[in-house]
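The sequence and the structure come next.

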Amino acid sequence: MKLINKSHVAKKMPARLAVNTICKGLFFLATLVGLLVLAILFYRIFTQGIGSLNGDFLQNFASRKPEEAGIKAALIGSIWLMVVVAPVSLLLGVGTAIYLEEYARKNWITTFIKVNISNLAGVPSIVFGLLGLTVFVRALALDRSILAAGLTMSLLVLPVIIVSAQEAIRAVPRDLREASFGMGATKWQTILKVVLPAAIPGILTGGILALSRAIGETAPLVVVGIPMFIAFLPQTVMDTFTVLPMQIYNWTSRPQEEFQQVAAAGIIVLLILLIFMNSIAVIIRNKFQKRY
């Protein structure tokens with residue numbers, strides 16, 4: 001009994017190959033369009049802003065004069081923001097993921113929580129800004145401080161970190177857990193010594209990518225009321241501050257052509273910072289990734 005009709009396969013093969021070639025061309029064209037737009041964007045930003053990017057630009061504060069304007073306060077403010085966002089979001093996010101995947105009972109309540117966490121990852125960022133304004137700025141009276149903004153941005157990236165950590169923990173083979181239990185390890189010892197080391201590449205990669213989103217967001221900070229112009233450096237987490245996206249937005253809103261060039265230089269600094277953070281994610285993944 002013949003399981004394959006060779007004549008039928010030969011008759012259908014040309015049409016299938018043609019469809020395959022068309023789809024391959026369409027996918028390549030889609031990739032090419034995306035790369036072309038990205039190249040045009042980079043060319044526009046670098047040609048417009050490279051002339052304003054120098055040592056004085058990194059060391060000066062914001063100014064009403066474009067030739068004296070700098071990004072020092074915004075750059076330091078962005079670093080201060082990450083000092084708050086990183087530990088808060090990573091600790092809460094990974095802890096929540098561990099509980100949902102390892103301890104929570106598999107029932108409709110847990111499923112409901114997971115679905116809603118996934119839905120929160122798609123909520124517009126301005127909604128988190130309204131939440132931060134209501135809870136942290138007004139109810140807790142933290143004012144327009146680094147702490148208030150950091151907690152608001154932590155809420156923004158928390159669903160992304162939870163989901164990525166869940167996927168990383170879920171990807172750890174069940175056999176590793178059972179082998180640990182067979183050796184007499186407790187639940188927490190298994191999580192700490194077996195599950196988390198195996199899940200670290202996925203957790204840290206997702207966490208750093210989420211922090212990269214936080215450092216480039218503007219809408220929540222606008223709602224919270226973070227100022228665009230500051231000529232001093234914050235000393236504590238309760239001080240007022242500004243960040244790179246807010247400073248760039250301030251420059252782009254000015255009519256002078258010189259400020260557009262200064263804004264382009266600020267965008268270059270922000271791009272370098274984002275590329276640096278994403279590179280760290282790639283290095284961590286390649287260094288700690290293990291095969292089981």
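## A pair between Arg-213 and Glu-217

In this predicted model, a salt bridge joins the side chains of Arg-213 and Glu-217, with a distance of 3.3 Å from N to O. Arg-213 is partly exposed, its relative accessible area being 29%, whereas Glu-217, at 15%, counts as buried, because a residue is called buried when its relative accessible area is under 20%.

Side chains of opposite charge can pair when their charged atoms come close. The structure contains six salt bridges, and the pair of Arg-213 and Glu-217 is one of the salt bridges described here.

## Arg-170 and its partners

Arg-170 also takes part in a salt bridge with Glu-101, in which the closest N and O atoms lie 2.7 Å apart. Arg-170 is partly exposed, with a relative accessible area of 41%, while Glu-101 is buried, with a value of 13%.

Within helix 6, Arg-170 and Glu-167 are three residues apart, which is about one turn of the helix, and their side chains meet in a salt bridge of 2.9 Å, taken from N to O. Glu-167 is partly exposed, at 45% relative accessibility.

## A linked network

Which residues are linked with Glu-101 in a network of salt bridges? The network joins Glu-101 with Lys-114, Glu-167 and Arg-170.

Definitions and conventions: Residues are numbered from 1 along each chain as its sequence is written. This is a predicted model: local features need pLDDT of at least 70, side-chain atom pairs count only at pLDDT 80 or more; totals for chains, interfaces and linings use all residues. Side-chain values use heavy atoms; hydrogens and water are left out. A salt bridge is a side-chain nitrogen of Lys or Arg within 4 Å of a carboxyl oxygen of Asp or Glu. Buried means under 20% relative accessible area, exposed over 50%, partly exposed in between (1.4 Å probe, protein chains only). Helices (H or I, at least four residues) and strands (E, at least two) are DSSP runs, numbered from the N terminus.
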